[in-house]
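Please work through each task before reading its solution.

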Amino acid sequence: MSEKPTNFIRTKISDQIKQGQIDQVVTRFPPEPNGYLHVGHAKSICLNFGLAEEFGGRCNLRFDDTNPEKESQEYIDAIEEDLRWLGFEWSELCHTADYFEKLFEWALHLIRNGDAYVDEQSAEEMRENRGTLKQVGFDSPYRDRSISENESLFLKMREGQMSEGAAVLRAKISMSAANMNLRDPALYRIRHTKHPRTGDKWCIYPTYDYAHGQSDAIEGVTHSLCTLEFEDHRPLYEWLLKRLPLPSRPKQTEFSRLELEGTVTSKRKLNSLVQEGYVSGWDDPRMPTIVGMRRRGFSPEGIRLFCERIGVTRKPNTIELQILEGSIRDDLESRAHKAMAVMDPLKVVVTNWDQGPLSLRVPWHPKRLELGSRTMLFGRELYIDRSDFELDPPDGFFRLVPGGSVRLKYGFIVDFEDVILDDKGSAKEVHVRYDPETRSGQDKSGRKVKGTIHWVHAESAEEVDVRLYDRMFTVPDPGNYEDPSSVINPESLILGTAHVEPALGHLMPEAYLQFERVGFFKQDPASGQGRLTYNRSVTLKDAWTKKS
RNA sequence: UGGGGUGUGGCCAAGUGGUUAAGGCAGCGGGUUUUGAUCCCGCCAUUCGUAGGUUCGAAUCCUACCACCCCAGCCA
């Protein structure tokens, strides 16, 4: 419908193209494979891939695998899977590790030009000598070693002749720079650790700061997009680019990261929720991970719509959860098959129904007939939702009430006849009479009723498990809590059952569903062969309960 | 006077000197509706962090101030 919202990066690129400054756009999505992708990554993914696509360029997937201690193949596989599921295809699949040889040569280049040195201070000494935000640091005693000494020491580092922590290669910039990143940042550290991709080949690994810009240059990245916390690293990024014989000159541009109300996106905190068993795993439907949202029943298109709606700026922002939920609803509204499910059954006996069950042909989506149709049975005993009957209705309630009538959607109008109460005085069974003139699609009665409710045929309905998900935390800013598990919403998952129409079994297990008047649902992929489980993705908007 | 950023309605966000400050989400009012959903229509910032200044004219330029965010890993 509406055209895509613009943002400062898009505007800048189209200006650059107009002025002939660039002829191709190359971006990259550079996750570190040390955790699962989450909604914050989705923003970056949509930006990077979206820009490349819009301007006819390329976007690589690059695993920023410079730290073997935290990375693993499990995450690499999961990230690729998530990206494909979101609907993106990378131009090239890259690994920073594939550039290790080149990066090493360039480190030698820096050394030979007097731009880097091997420091043998301990980590603690380095920290002490770095100074503070307001005080300059002190030069390392090793700072002025000769080039040849640096070179042979660095070679020793690579050859495994030095132990972890014994030395580090540092850029020789300035220990009195106001920007802390310029106080002789570490370029290489020693790690006698096996790397998921290069195995035992290396025992020195480049830092992010050293590897990133050079990797961008190797890939011909034109626009290196990252979040605002890297802004202070840009001078270092450029310092390196300027001193090395690189094939291209990428430009870093920062944007603000996604802050989502009621959501934690710190990998560390998400990991601890998983490790401590507060959720069932990275794919728990309450998790803001891609796998979690996927299992919850969010669609890739819905997530992308969300990313489009939130925009891209450099401002601090906190996105309301409704924007995510609204995006998911808006996408699912037309995508989902619509079916009947009764969450809390109340038996209804149609006392004047003397025949066997009647088959009704019902479309899966009233506005999208191409989705086909299914059969629903109407008969003497039905279930409706308990919340759709009130003995003592509040004003404005227009479902079933004593003395009243409602339409059973796609079936008939029924008129209240009697109610049987249990010993606590609540309804146990409602008796109604159906009006044969009011069959859906061939109603000649001219009758109008205020309410239409959903229902299922009691005998043929299938009982399934449902998981009703709600926001995971009780506070809007769980990320500000050191231990977010202390503010988990005890009602973030409510287990229940439902009676669903048997035709659901004819749909693909991965079909998006709407249980009419209840919410959007999706079959849980771990549903057993016995009872099926449906996860509630998101509720429907509900003007009625909001009012009352 | 460490350095770097950011401030436009409840939440996002266009706008970069020239009529009444786009749009989305939320909200409110109304219409349609066999989902109290969807859909449709309407309303919703005399004002752009604050205070001054420049100008015929400022959210856009200048000055000062205020608030908030990021930075002291051999993490990314």
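**Exercise 1.** Determine how α11 and α12 are oriented towards each other in this predicted model, and state which residues form their contact.

*Solution.* 
Step 1. The axes of α11 and α12 are 8 Å apart, and the packing angle is about 135°.
Step 2. Angles over 145 degrees count as roughly antiparallel and those from 65 to 115 as roughly perpendicular. An angle of about 135° between α11 and α12 therefore makes α11 oblique to α12.
Step 3. The two helices, α11 and α12, cross in a right-handed sense.
Step 4. From α11, the residues in contact are Glu-301, Gly-302, Ile-303, Leu-305, Phe-306, Arg-309 and Ile-310. Their partners in α12 are Ile-323, Leu-324, Gly-326, Ser-327, Ile-328, Asp-330, Asp-331 and Arg-335.
Step 5. Sorted by class, the contact of α11 with α12 comprises seven nonpolar, three polar and five charged residues.

**Exercise 2.** Assign an orientation to the pair α4 and α6, and describe their contact.

*Solution.* 
Step 1. Helix α4 spans residues 100-112 and helix α6 spans residues 147-158; their axes are 9 Å apart and the angle is about 160°.
Step 2. Because angles over 145 degrees count as roughly antiparallel, α4 is roughly antiparallel to α6.
Step 3. The crossing of α4 and α6 is right-handed.
Step 4. On the α4 side, Glu-101, Phe-104, Ala-107, Leu-108, Ile-111 and Arg-112 take part. They meet Ile-147, Asn-150, Glu-151, Phe-154, Leu-155 and Arg-158 of α6.
Step 5. The contact of α4 with α6 holds seven nonpolar, one polar and four charged residues.

**Exercise 3.** Carry out the corresponding analysis for α7 and α8.

*Solution.* 
Step 1. Helix α7 (residues 208-219) packs against helix α8 (residues 234-243) at about 60°, with the axes 9 Å apart.
Step 2. By that angle, α7 and α8 are oblique to each other.
Step 3. Their crossing, that of α7 and α8, is right-handed.
Step 4. Asp-209, Tyr-210, His-212, Gly-213, Gln-214 and Asp-216 of α7 meet Leu-236, Tyr-237, Leu-240 and Leu-241 of α8.
Step 5. This contact of α7 with α8 has five nonpolar, three polar and two charged residues.

**Exercise 4.** Characterise the protein surface near RNA strand B and identify individual polar contacts.

*Solution.* 
Step 1. There are 66 residues around RNA strand B, and Arg-191, Lys-338, Lys-367, Ser-440 and Lys-546 come nearest.
Step 2. Of the atoms of RNA strand B that come within 4 Å of the protein, 65% belong to sugar and phosphate.
Step 3. The surface near RNA strand B contains 20 nonpolar, 19 polar and 27 charged residues.
Step 4. Elements that each supply at least two residues of this surface include α5 (123-129), β6 (186-190), α11 (300-310), α12 (321-335) and α13 (543-547).
Step 5. Base atoms of RNA strand B are approached by side chains: a polar side-chain atom of Lys-338 lies 2.3 Å from a base oxygen, and one of Arg-399 lies 2.6 Å from a base nitrogen.
Step 6. Ala-543 contributes a backbone N or O atom, which lies 3.4 Å from a sugar or linking oxygen of RNA strand B.

Technical notes
Residues are numbered from 1 along each chain as its sequence is written. Chains are lettered from A and ligands numbered from 1 in the order in which they are written. This is a predicted model: local features need pLDDT of at least 70, side-chain atom pairs count only at pLDDT 80 or more; totals for chains, interfaces and linings use all residues. Side-chain values use heavy atoms; hydrogens and water are left out. A residue is near a molecule or strand if one of its heavy atoms lies within 4 Å of it. A polar contact is a pair of N or O atoms within 3.5 Å; within protein, one must be able to donate a hydrogen and the other to accept it, and residues adjacent in sequence count only if both atoms are side-chain atoms. Helices (H or I, at least four residues) and strands (E, at least two) are DSSP runs, numbered from the N terminus. Ala, Val, Leu, Ile, Met, Phe, Trp, Tyr, Cys and Pro count as nonpolar, Asp, Glu, Lys and Arg as charged, and the others, Gly among them, as polar. Axes are lines fitted to C-alpha atoms, for helices over the stretch in contact, and angles run from 0 to 180 degrees between N-to-C directions. Angles under 35 degrees count as roughly parallel, over 145 as roughly antiparallel, 65 to 115 as roughly perpendicular and the rest as oblique. A crossing is left-handed if the near helix is turned anticlockwise from the far one by less than a right angle, and right-handed if clockwise. Contact means heavy atoms within 4.5 Å.
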